[in-house]
Amino acid sequence: MTTQRPNILFIMADQMAAPLLPMHSGHSPIQMPHLNALATTGTVFDSAYCNSPLCAPSRFSLVSGQLPSRIGAYDNAADLATDIPTYAHYLRNLGYRTALSGKMHFCGPDQLHGYEERLTSDIYPADYGWSVNWDEPDVRPTWYHNMASVEQAGPSVRSNQLDFDEEVVFRARQYLYDHVRNTPEQPFCLTVSMTHPHDPYTIPAEYFDRYTDEDVQMPRVHMAQDQLDPHAQRVAKVIDIWGKTMPEQAVRRARRAYYGACSYIDDNIGKLVKTLTECGLGDDTVIVFSGDHGDMLGERGLWYKMHWFEMAARVPLVVHAPGRFAARKVAASVSTIDLLPTFVELAGGQVDPALPLDGRSLLPHLRGEAGHDEVIGEYMGEGTNAPLLMIRRGDFKFIYASADPCLLFNVAADPDERHNLAQAPEHQALLQAFLAETAARWDLPTIHAQVLASQRRRRLVAQAMQKGRLTSWDHQPLVDASQQYMRNHIDLDDLERRARFPRL
């Protein structure tokens, strides 16, 4: 029996490329039995995308249901204004407890954005130090990824990311235990956001050794750097691979470690699902799994994200609620900005029609009805000198930047995006329609001016904050140790009774 308003467990992975995963590919060597189990009895969106292939802009769009240019989410050092509603605000208004365990890459002094609680700090800084600089488009930011992640790929005993994700999952499971012991009558929305399989490409031998070198599928698309599109060339310079090649064994080890990191995420999914089951919450909880963007992993000689190619922009998306929706696969293209209206509708509420919203509910898809088949994307981060726009509709993907040649791919017929159809005579009508839609949808000179102004303000603020006393914006989780475990002001029998589950 399901409740009227279900709990929502939203699990996120970082930089997980959907095209590689077994639920999307019949030939994937990646071992993800727990996610596969959710997918088998849930709804799998086979063509889900982020709305900006970079951590912070993607996440800000996801939590707000709005495109980056509408909310100022230009790059990894942009802040999300406090007055922008998120799904956490909406769900709190509907009576939900809302909590975040893990990464969301919020910049600026507001580190909650509607969540009642953040159970951990973030793995990334909350200041403006990673601002992009369109005033110096040819200067490579020294703080950005270089190829060390690939060159040094392989197993490790411990890493910064392992420290983080193990705390994230521990705190999330503890939240579920505390919920069922203390507030079982109130619905919750718990977001658990891990940082794997994001580079650096290292994972304990337990996971690295689940695969052999022979298991690793090497990149399929090889292009000389001078044959790359202009934006891909800029990305190659940003990640410091321009004029270089990676040794085959380094590429193989990086991808093998990435496979292991995906299995690590899967094991953590299993832990969270097990905790739900142990707490008797399985039937009343909708489990959603997704990511913020993908990873090129050597395709076209590129790594990380920052482009609209499938490996960088497609994300996993599974909704598991077998008591509510029949298992199915959805071929229509959707995106993570659709999650806010979906969560609100699942909770029995309605979005405010007077407020801006770009996302559309996935409930029609979940019910097996006709739903939307469209993704709109914007990228204004590293490697750009103007907005890089994307429209995905039907079989086609259109990519536009004002100074670059257009890219047009039939993704259904050409999933590796080898053939740019923008100059093909038989596709000129479609190309012109996309160009007209771009001109009507975006005021590009205004957006360009807004991005430049934001970058300049943030660079000045970032420089000033390095002078004198530092006041950190990084989230500091508060723990009141006086209320933990055994304390003399708490009756021992009452403490043991309340802490035990199930209660005798």
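Predicted model: local features only at pLDDT ≥ 70, side-chain atom pairs only at ≥ 80, totals over all residues.

Let me begin with helix H6, residues 160-182, and helix H9, residues 248-278, whose axes come within 9 Å and cross at roughly 10°. Because angles under 35 degrees count as roughly parallel, H6 is described as roughly parallel to H9, and the crossing in which H6 passes H9 is right-handed. On the H6 side the contact includes Leu162, Val169, Ala172 and Arg173, while on the H9 side Ile265, Asn268, Lys271 and Leu272 are among the residues that take part. Sorted by class, this contact between H6 and H9 has 9 nonpolar, 2 polar and 5 charged residues.

H6 comes up again in the largest pocket, where it provides 8 residues, the largest share of the lining. That pocket holds about 1,100 Å³ of space, and of the 30 residues lining it, Gln174, Asp178, Arg181, Gln483 and Gln484 lie nearest its centre. Its lining divides into 12 nonpolar, 7 polar and 11 charged residues.

Turning to the second largest pocket, its volume is about 760 Å³, and it is lined by 32 residues, with Pro19, Glu310, Arg314, Pro415 and Asp416 lying nearest its centre. Which element gives the largest share of this lining? It is strand S10, residues 328-335, with 3 residues. By class, the lining of this second pocket has 12 nonpolar, 8 polar and 12 charged residues.

Conventions:
Residues numbered from 1 in each chain as written. Heavy atoms only, no water. Axes fitted to C-alpha atoms, helices over the stretch in contact; angles between N-to-C directions. Helix = DSSP H or I, 4+ residues; strand = E, 2+ residues; numbered from the N terminus. Parallel < 35°, antiparallel > 145°, perpendicular 65-115°, else oblique. Left-handed = near helix turned anticlockwise from the far one by under 90°. Contact = heavy atoms within 4.5 Å. Nonpolar A, V, L, I, M, F, W, Y, C, P; charged D, E, K, R; others polar. 1 Å grid on protein atoms, 1.4 Å probe; cavity = no way out; pocket = protein on both sides within 12 Å on 5 of 7 lines; lining within 4 Å. Points joined across faces, edges and corners; volume = space filled by probe spheres on them.
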